[in-house]
Amino acid sequence: MLIYNSQNHRKEEFKTIEEGKVRMYVCGPTVYDQIHIGNARTFLSFDVVRRYLQYKGYQVTFAQNLTDVDDKIINRANEEGRTAAEVAEEYSQAFIDQMHRFNILDPDIRPRATREIEAMQEMIKSLIEQGNAYVADNGDVYFSVRSDHNYGILSGRNLDQMRAGERVEVNDQKRDPFDFALWKTAKPGEPSWPSPWGEGRPGWHTECCAMIHHYLGTPIDIHGGGQDLIFPHHENETAQAMCAWHTALANLWMHTGMLRVDGEKMSKSLGNFYTLKEVLDKYSANAVRLLMLQTHYRSALDFRFELLDGAEGNVERLVSCVKNLRWAAKNAAADGKLTDADRALSAAVKEAQAEFTRQMDDDFNTSGAVAAIFGLVNTANKYLAEAGSTVETAVTLRAADAIQELLGVLGIDLSKALSEDELPHELVDLAKAHAGYEGDDANEAAELLLSARQEARAQKDWGRADAIRDGITALGLIIEDTANGARLRQSKKA
């Protein structure tokens with residue numbers, strides 16, 4: 001398996017620190033608002049990385065933090081007349097809720113900055129003792145970037161070539177403009193904690209490094225985030241680790257590409273800023289995932305709503321294929337003998353699984369993996385059209401299972417859409433009225449109604465045939481003709 005390492009700018013053979021186990025950390029959100037779709041793209045990408053590693057048999061321990069103390073949270077609280085803790089709690093839960101809607105797996109470990117103060121202070125003490133950090137006159141504690149001779153190892157930046165003030169905070173408390181805060185002295189009305197340097201709170205770059213060391217140990221196998229975090233956030237994280245514990249923070253760094261909307265940078269001022277909640281209120285999680293996964297995680301993603309409309313159609317195509325395969329297998333009239341078509345479908349399943357793995361083993365190429373799945377869908381649809389009622393049950397079910405399994409590795413879950421095949425009980429009353437049904441089973445009623453309609457049409461009893469059709473339509477169902485006969489399905493998109 002090859003994975004692109006942002007630090008070395010090349011794909012590398014993935015080797016775990018501990019045989020069969022992966023320790024993985026992805027920077028979580030600062031919880032002051034709903035996350036936007038750019039954030040969601042990053043969290044989706046690493047959810048798929050995690051799922052695929054588990055699919056390959058690795059035991060993955062996945063950690064992701066919540067930054068619940070920060071200037072943005074404090075500012076939001078002041079604007080709304082609330083406490084920072086209230087704001088952080090609201091949007092922490094909002095983030096978790098949207099991750100569940102987006103079918104993102106919960107992390108194994110979800111530390112919150114406000115609950116990890118002790119671990120951060122221990123790291124800061126060690127950095128001060130080793131001469132890599134200093135206490136300013138006002139009580140702030142800063143990391144001395146020039147004390148780390150490896151500074152720039154991740155981003156490739158040279159301090160002497162950078163302009164003071166570029167993406168760094170400049171103030172008269174620092175010995176060097178590029179030094180960054182490990183601990184910030186408390187200001188009136190702000191949340192704070194006692195420390196050897198006075199009341200205060202941690203700096204943003206401090207928390208992830210301390211949490212990783214505390215919960216996962218250092219180095220870890222994979223550290224991930226968006227490309228915008230490479231500098232200064234991840235550079236500062238790895239600098240702290242190298243100086244505090246004399247080891248790399250992570251063996252492999254992964255970063256996702258930026259998201260653009262209609263070819264432009266997402267911005268509230270441009271009116272093209274969308275939260276994940278807004279998008280999921282209009283589109284299914286499966287469609288949003290499918291659209292995002294059709295672009296490689298390291299490439300820039302151009303987000304367009306017309307593409308989402310197309311993705312919804314593609315999800316429906318996937319659902320229909322699996323439904324048709326299972327329907328055909330259930331109603332097969334084959335004699336158990338394998339035909340050339342059966343063998344071709346069986347071979348297509350194996351090839352799709354192999355191609356899916358080849359693509360994902362190449363730096364998680366989800367676009368290629370999606371193409372492999374749709375290749376199998378095309379073959380399966382052709383098979384169903386040509387085989388009619390003579391499909392081979394085991395082969396047909398194997399194809400349906402393979403499509404669902406591979407989509408599941410990508411976090412695209414068809415189970416809800418497939419379960420919506422359950423028919424409404426009102427069909428029983430309809431069958432009693434038009435087909436003389438005396439039972440109480442919706443599936444039996446459906447079969448009897450379809451038979452009665454077919455019989456009425458054969459006898460040119462159009463009034464009865466139309467009444468059955470109209471009654472079925474009124475229940476939100478449509479009659480779908482397949483090679484294995486007619487069936488009912490939901491008329492709304494699954």
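Predicted model: local features only at pLDDT ≥ 70, side-chain atom pairs only at ≥ 80, totals over all residues.
View 1. Strand β7 and strand β8 (residues 200-202) pair in the antiparallel sense over three bridges; two strands count as paired if DSSP finds at least two bridges between them. Strands are DSSP runs of E of at least two residues, helices are runs of H or I of at least four residues, and both are numbered from the N terminus. Strand β6 (residues 141-143) and strand β7 (residues 180-185) also run antiparallel and are joined by three bridges, with V141 opposite W183 in β7. Residues are numbered from 1 along each chain as its sequence is written, and side-chain values use heavy atoms, with hydrogens and water left out. Local features need pLDDT of at least 70 and side-chain atom pairs count only at pLDDT 80 or more, whereas totals for chains, interfaces and linings use all residues.

View 2. Strand β11 (residues 259-261) runs antiparallel to β12 and is joined to β12 by two bridges; R260 stands opposite K265 in β12.

**View 3. Helix α12 and its surroundings.** Helix α12 (residues 393-409) has 17 residues and reaches 25 Å from its first C-alpha to its last, close to the 24 Å expected at 1.5 Å a residue; the expected span is 1.5 Å times one less than the number of residues. At the start of α12, a side-chain oxygen of E392 reaches to within 3.0 Å of the backbone nitrogen of A394. The buried residues of α12 include V395, A399, I403 and L407, where buried means under 20% relative accessible area, exposed over 50% and partly exposed in between, with a 1.4 Å probe and protein chains only. Their cover includes α1 (37-55), α9 (305-330), α10 (340-361) and α11 (366-387). After α12 comes G411, whose phi is positive, near 75°.

**View 4. Residue E438 in a loop.** E438 is found between α14 (426-435) and α15 (442-458). E438 counts as exposed because its relative accessibility is 77%. The C-alpha atoms of E438 and H223 are separated by 63 Å, and the two residues lie 215 residues apart along the chain.

Notes
Contact = heavy atoms within 4.5 Å. Polar contact = N/O pair within 3.5 Å; in protein donor to acceptor, adjacent residues only side chain to side chain.
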